[in-house]
Amino acid sequence: MSKRVLHHPDVPEQEADLSVWRSVREHEDTIKFRHQAIREFQDEEDTMDEDERELSRRNFVKLMGASTALAGLGLVSCRRPESYILPYADGPEWIVPGRPLFYATTMPAAGGAIPLVATTYESRPTKLAPNAKHPDNMGTDAMVQASILNLYSPSRSKEFLNKGAKASKADFDAFFNGFVKNPGKLGVVLGNDESPTRNRLAAQIAKKFPSVKFYNYEALENVAAEEAIAKAFGASKVKLTPKLEKADRILSFDSDFIELDAQSSSLQYSKKRQGGGENYDQEIDKKKMNRHYQVEAVFSLTGGMADHRLRVAPSQVAKVAVAVAREVLALKPTAALTQAVSGLSASFTGDEDYITDWVRECAKDLVAKAGKSLVLAGSNQPAEVHLLALALNDALGAFGKTINAYASKSSPTGSLLDLKKDVDGGAVDSLLLLTPSNPLFDAAADVDFASILDKVKVSVHLGERTDKTAYACDWHIPANHYLESWGDALTANGYYSIVQPLILPLYPDTFSEMDILTALTNGVALEAATAEAPSAGYEEVKTTFTKQFAKSASDWNNLLKNGFAKERGYAGATFGTVPSLKSLAAKYEKTPSKDALEVILAKDHSVADGRYIDNAWLQEAPDPVVKLTWDNAAIVSPKTAKSIGVYKEIAQLETDNAGRPEIGEAGKARAPMAEIKVGDTTVTLPVIIGYGQADYTISLPVGYGQASDDGRKSSDSFDEAKPTVGHVGKNTGFNVYPLRKETSQFLLAGAKVTPTKEKYPIASTQEHHAMYGRALAREISTMESPSKGDYKKQLKKVGQQGMDSHIPENIPLYKSKDTEKNDLISDKIHQWGMAIDLNTCTGCNACLIACQAENNIPVVGKEQVAKGREMHWIRMDRYYAAQTKEYDSHGHKIKYKEGEKAGEYKKVPKWVTENPAVLPQPVACTQCESAPCETVCPVNATVHTEEGLNAMAYNRCIGTRYCANNCPLKARRFNFFDYNKRNPLIKKNLYKGPFGEKKVGSPESLQRNPNVSVRMRGVMEKCTYCVQALELAKIKQKQITKKKAESAGSSVIAAASVNAADLRIARDSVQVACQSACPSDAISFGNLLRDGDNTPDKDRVVKAKESKRNYELLKYVGLFARTTYLARVKNPNPEMPDAKYIGLATINIH
Amino acid sequence: MANFFPRWTNYIPLKLAICAGIAVVGVIAAFAYYATPETQRVGYMPSQPIPYNHELHVQQLGLDCRYCHSFVEHSGHANIPTANTCWNCHQHVKKDSPKLEPLRRAIDETYEGYDGRPIEWVRVHQAPDYAYFNHSAHVNRGISCESCHGDVHEMEEVYHAKSLTMGFCIDCHREPENNLRPLEEVYNLDYDPDEYLEQNRDVATLVNDFIANNDKLSGKKLSSQQKLGHYLKDHWNVAPKESCATCHR
């Protein structure tokens, strides 16, 4: 008997159009992809490898026999083992066993520190959330969420190293105690984050030892641009902080200002994006909504949010910038702008003709909104583009209105190049590296950091990881994590924020930057923090605060409680002028071509500049745009892939009769390798396709390839005696830093690409858990659509996009009533629901990692991800969307009636279709009221709660996987192995059964949330709306019985009555992990039942669901989902050449 | 040919069947008796590092449960007291008793054996890892310690008094009226509903009125506990959940 396949209704040919897709194979509509879409799990044939098949039958019987015998032995002792309760000997203040305790702290970061609230259980930090009370609340991104795992990383540095060999603290002290008394010509290299205490100590050290010099280095900082900006303001260091909440028009030159280039809180951008409807009190008002123009080469998350995205090579961004500047100059001349563009010209002809219109209309729009418009330049761009952006901002009156400029109070420091000069010149002969970067690995090749290390007499390195630099230095000091150390930092707008430790250092011999600087300042030995005496940093931070920021004695306690002070650590800065930028012309003169491609060295979404290489959560989180896990790859556009000659291999076009393709995104997925040559340097890495990327450009994410033992090129080799990475970072990706040059740090021209015959296995999740159905993620436009009418009409019809346009109203035959006709989902106090707003969701993965931290979700490793077994409860789907054909007012495609093209459909211009929009959509279990999974579970392990949750009783689950097969959203995850107990990162370890290496007792288990079961092998799991948080909130509310009686003044509590409203938790008072982590406030969660009908009484989620943008995923299946989505709204400028195609990709789907 | 199988062998299959039957019944009976939580757990009385006597401290000295189990109203765990809780009194009382040696090792810095390490109390009641029982949810809604832990105040050495199986939990979640009591009586382990109603005449009136006006209950024969329980259940909106996620997550 063959399996019955549900045949989804066919689409009339007249209307069929693939305008939304998620991968190359789906775009090419391969058989393989269609086959995969109808399955829950990937084909067994694809996913079983040799070992598994080996294990399958004979070994199963063998193992069963053995385990039965062992079970017999186990029966000897029936009584459970004795266990113990160890209360504190001396109970610490505030700690209530079993209750979380929250502390405000701050994560230092180069663009502005990130204010956080950390959850601790019995002093053990388990989870990070944004500090919502902070005036500079930035939300959290994936890296911030995952930073807690670094604290518990098993490969953290724990011991001192002396010339790469292990050393004791006593050995180090012998050296260091002399060193601090007379550091001599010392060069101290700091990170780029701003810390008032560090600045103060640095000044003291400089005063005490005039021969000590300070430098700044972080791998991905654009030093040239920063210096140029500072000069334009006549200050030594300037911080530009955009005020996105005030910006009605934003033009970004290659700046990923929402994500990787963040300079301020993107929450403000989202708020503006909601056009006055951020609390869902009203629909989005297009007049209040911002408009966002993006000029970029590689799809960034910011580009995904943009209304108009111009796809040009990175060198051509400068040309567009010049063109914009000339247009603005014509409309609104200012001295600075005139001077900046004097002698520069830019014109677009031929294929690029449309850019002329684009630029003109964009400039007009910016000028029309002068005072409310903002221009930003990306950190990859040369200094001239940054200066041009400054001049534009000046002309548009942005300073003080949509962008703030601050002058840092820190004393000027040198760059890495200055350090090289000083070392060569003899001004520096010893080195102290406190930067979080790994200069030996990531500094530009021609800086030759190794030679600097050779020349200095002694080098000391502080780091959390024993990276390449750690082994190369004379001394390595293991560093504290920021959750273990005292410190301070300034946020984007300069608010003084405290870095406060939540736990004593996990390892006895680790020290913080503050400890070392204090030792230098005071000429004392390094002392580790103990329970009795805090580390030296404590006193120093307190001194800084009381001297520079505090007004009264109680301020210190408030600082510890709130995490910030109202005082700011930055002074204002006033824009002066910019020099002539004539030198820019040479940079955009040449356009990239087939034989001379442009290379972009990009910050990676997972490992940043390489510092998070050992963070398993980040490594496994799919890249938000290309969906690659555990590796980096050369990303090229489809056209470039064709010109290199690898497109077919990637897409693996096939016909119905073709055999099973070798390439697939299952376990055997292989990407073709290619050699990329720039100048004399060659790197070899796999090539994958990214839509919407500028042609003839290659994006190379940096930071990978730090150590490998599988013989790959473009990676340092792994040395057992000097491990630079742990199990996580080993054999991941390829090192592209060798391409980097001091003069061209991020953009390189003239690259040649030659495919090699080799192939490389990749684990990409873009096709995993692909759902059937159309218009899953939806968007509309504020502009009139020829087929669907104006904004209001489109808004009304959001619920009818895709399949939902021709479904009858759902009348379920199954009534969810019990035998007494009561509702099965019966609770009258709480009914939970969620709304996810695609209008603000950027697809950044913060929710995915927050969920992983909150719900003890294991990491499965690259091989398992390739097989589609990733465990993330939230799956971040990413659709490319582009309208390909023109439509008439009936919603039909327009066909040419006569002429040359008679019978053909009228196509949308190629420059539009080649630049698709990106629609991210996080999908987790939607808690369907009539859940298909529940009816098929043979053991009732998944059942509904009275409050509308689709609960999982893990201990009941026997692992039949029927539920997952029946889930149309593919939201369920199965533990194919004991990922929590057996380390999946050791090769073949999972297949060794009881003989494999166990992970028990490894430090990551300290991060676990004690309120959530750690699941074992053979158990299904999925999102349950953080039911642990809901239960705790409800239980807390139950204390009201006593409170009510007490407030009534009655001694007889029995007389006090408690009604449903008393037991209902306060409106919006409980936050689920994904919601609190979201840096754009896209997730609303709460109680669907409410106290009254007045708007202020409703939970935010109820108001969101009342929006016209609200729609249900796969509504035609009849799920009655509790999680619904809100369609994205694009706000195009009607005058722009691409305006009539923006935001309309899903609107014509039937 | 002689009878290969003598006549008596005719009965062998029958005898075997009977024996097998008895053996099976025996195994089942033994399993039902010995391997269930009722037998395994009830009566479990491990010896503790310090032979702490609840009877002495509660009945004779009048300590409230919450003096030691101080967070029971605020946290899921009913904590075992920290050593300094004991030391509050015992630095003055019976300080030199050899029985208190583990306490002094944990807290008394002047003691020669002092190491500051916590006392290792042996766990008596243990919910499985996948069951998340919350004390505060129960004691704040009128479920007494006694309902699950038995007459701890009369125990010289603590033992496992009730089965605490899932069935035990569900029984009460279905019919909480059998255990609900006024909040002020939750920690009174000698509580008697009759006595309580006697002393609180106004509550008794409320309860009687409630029962009389309730169609489903008025005709039934109910104990005082059940009457008061039904009244409190209605009056406090007590609706214990029976779905899995209440305790398992």
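This is a predicted model: local features need pLDDT of at least 70, side-chain atom pairs count only at pLDDT 80 or more; totals for chains, interfaces and linings use all residues.
Residues are numbered from 1 along each chain as its sequence is written, and chains are lettered from A and ligands numbered from 1 in the order in which they are written.

Chain A is assigned domain 1 (150–217 + 415–549), domain 2 (223–408) and domain 3 (592–764). The centres of domain 1 and domain 2 of chain A, again over C-alpha atoms, lie 37 Å apart. Five residues of domain 1 of chain A are in contact with eight residues of domain 2 of chain A, contact being defined by C-beta atoms, placed from the backbone, within 7 Å.

Between the chains, 44 residues of chain A are in contact with 48 residues of chain B. On the chain A side, two or more residues each come from β2 (84–85), α32 (1027–1037), α33 (1040–1048) and α34 (1060–1063); helices (H or I, at least four residues) and strands (E, at least two) are DSSP runs, numbered from the N terminus. The largest share, three residues, is given by α32(A).

A strand pairing also links the chains. β2(A) and β1 (residues 121–122) of chain B pair in the antiparallel sense over two bridges, where pairing requires that DSSP finds at least two bridges. In this pairing Ile85(A) stands opposite Trp121(B).

The next topic is the nonpolar cores, which are sets of buried Ala, Val, Leu, Ile, Met, Phe, Trp, Tyr and Cys residues joined through C-beta atoms within 7 Å. A residue is buried if 20 or more other C-beta atoms lie within 10 Å of its own, exposed if 12 or fewer, and partly exposed in between. The largest core has 316 residues, and Leu388(A) is one of those that touch the most other members. Not counting residues up to four places away in sequence, Leu388(A) touches Ala321(A), Val322(A), Ala325(A), Ala340(A) and Leu581(A). Another core, of 17 residues, lies apart from it and includes Ala1056(A), Leu1063(A), Ile143(B) and Tyr231(B).

Finally, Arg66(B) is found in helix α4 (residues 65–68) of chain B. Arg66(B) is partly exposed because 15 other C-beta atoms lie within 10 Å. The C-alpha atoms of Arg66(B) and Tyr187(B) are separated by 8.2 Å, although the two residues are 121 residues apart along the chain.

Notes: Two residues are in contact if their C-beta atoms, placed from the backbone, lie within 7 Å. Domain bounds come from an automatic or database domain assignment.
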